[in-house]
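Hi there,

Here is the structure I promised to pass on to you. Have a look at it first, and then read on for what turned up in it.

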Amino acid sequence: MRSIRNIILSLKKYGFLIKQLVSRDFKVKYKRSVLGVAWSLLYPVLMMSVMAIIFSNVFKFSVPGVNYLVYLLTGLTYFNYFSEASNLSMSSIIANFGLINKVYIPKYIFPLTKCLFIGINFLLTLIPLYVVIFATGTGVNIYHLLLPYSFLCLFMFTVGMGFLLAAVAVFLRDMLYIYGIVLSLWTYLTPIMYDISMLQNPFFETVLKLNPLYQYINFARTIILYKHCPTAGQFIACFVSAALVLLLGTVVFKKNQDKFVYYI
């Protein structure tokens, strides 16, 4: 916990640098793009449309009692944030080696800023999500005020994974390719397109529920689709999984960060 506390305390000191790095990433991503930031709104809508057509019409997927489009887009919004942020975080130390070699900068800032940068896109994707929520008649309720809790847990989990992946990638470059395969598998092990009850196997259901991303997505769906307040167990599961991974990632990163310069 001391490692996490030290990172939090130093955020104020390097706050300006973090803002500059996030701003740089934002400008680079949309440089020479005709639609620019609009892609953050269009991409999830287009992706949702394609997947909705495939899974609802071709594979005949549906979820009893709820709108499938909202179900699908909620899962995609959460998982896409984790996927993109963890991918960028993994290569952040290697990509910024030139800067690390020239001046002293706390190395944890690089994966952290990637998670913050993608976090901006995540907030933008909430706009099309809520457009679909209203357009389909799903509507909102008072429990939507609890959704930031799931956002925070997702962010903590992603930062922890970012630290862990960034540290491993420095010593094992193959991780840059292996992780793509892991993410593909993780996608299918997360109930994004399907309902977990479709498995009709208690063992598999239990295994999938151990997936932290399932916990965050299920928390959001409980509020958005089923219009219930999440249970105490859901609150605890989200926080514990996020805190444990953040702690693990922070400890591994801090323990190995001084060796990075010898391997990049």
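This is a predicted model: local features need pLDDT of at least 70, side-chain atom pairs count only at pLDDT 80 or more; totals for chains, interfaces and linings use all residues.

Leu69 lies in helix 4, where helices (DSSP runs of H or I, at least four residues) and strands (runs of E, at least two) are numbered from the N terminus. With a relative accessibility of 33%, Leu69 counts as partly exposed; buried means under 20% relative accessible area, exposed over 50%, and partly exposed in between, using a 1.4 Å probe and protein chains only.

Residues are numbered from 1 along each chain as its sequence is written, and side-chain values use heavy atoms, with hydrogens and water left out.

Now the overall picture. The protein chain has 12 helices and 0 strands. Of its 264 residues, 48% count as buried.

How do helix 4 and helix 7 pack? Their axes are 8 Å apart, at an angle of about 165°. Axes here are lines fitted to C-alpha atoms, for helices over the stretch in contact, and angles run from 0 to 180 degrees between N-to-C directions. Helix 4 and helix 7 are therefore roughly antiparallel to each other (under 35 degrees counts as roughly parallel, over 145 as roughly antiparallel, 65 to 115 as roughly perpendicular and the rest as oblique). The crossing of helix 4 with helix 7 is right-handed; that is the word if the near helix is turned clockwise from the far one by less than a right angle, and left-handed if anticlockwise. In this contact there are 17 nonpolar, 5 polar and 2 charged residues. Ala, Val, Leu, Ile, Met, Phe, Trp, Tyr, Cys and Pro count as nonpolar, Asp, Glu, Lys and Arg as charged, and the others, Gly among them, as polar.

Helix 7 (residues 109–135) has 27 residues, and 19 of them are buried, so this helix is largely enclosed by the rest of the structure. Just after helix 7, Gly137 takes a positive phi of about 80°.

Next, helix 8 (residues 147–171) and helix 12 (residues 232–256): their axes come within 8 Å and cross at roughly 25°. These two helices are therefore roughly parallel to each other, and their crossing is left-handed. By class, their contact has 21 nonpolar, 5 polar and no charged residues. Leu248 lies in helix 12 and, at 47% relative accessibility, counts as partly exposed. Leu248 and Met161 are 87 residues apart in sequence, yet 8.6 Å apart in space, C-alpha to C-alpha.

Finally, the aromatic rings. The structure holds 17 aromatic pairs; rings of Phe, Tyr and Trp (its six-membered ring) pair if their centres lie within 6.5 Å, and planes under 30 degrees apart count as stacked, over 60 as edge-to-face and the rest as tilted. One of these pairs is Tyr78 with Phe151, whose ring centres are 5.9 Å apart and whose planes are at 50°, so the pair is tilted. Tyr78 is in helix 4 and Phe151 in helix 8, so the pair ties together parts that are 73 residues apart in sequence. Tyr78 counts as buried, at 2% relative accessibility. Ring pairs also link Phe79, Phe82, Phe157, Trp186 and Tyr216 into a cluster.

Happy exploring!
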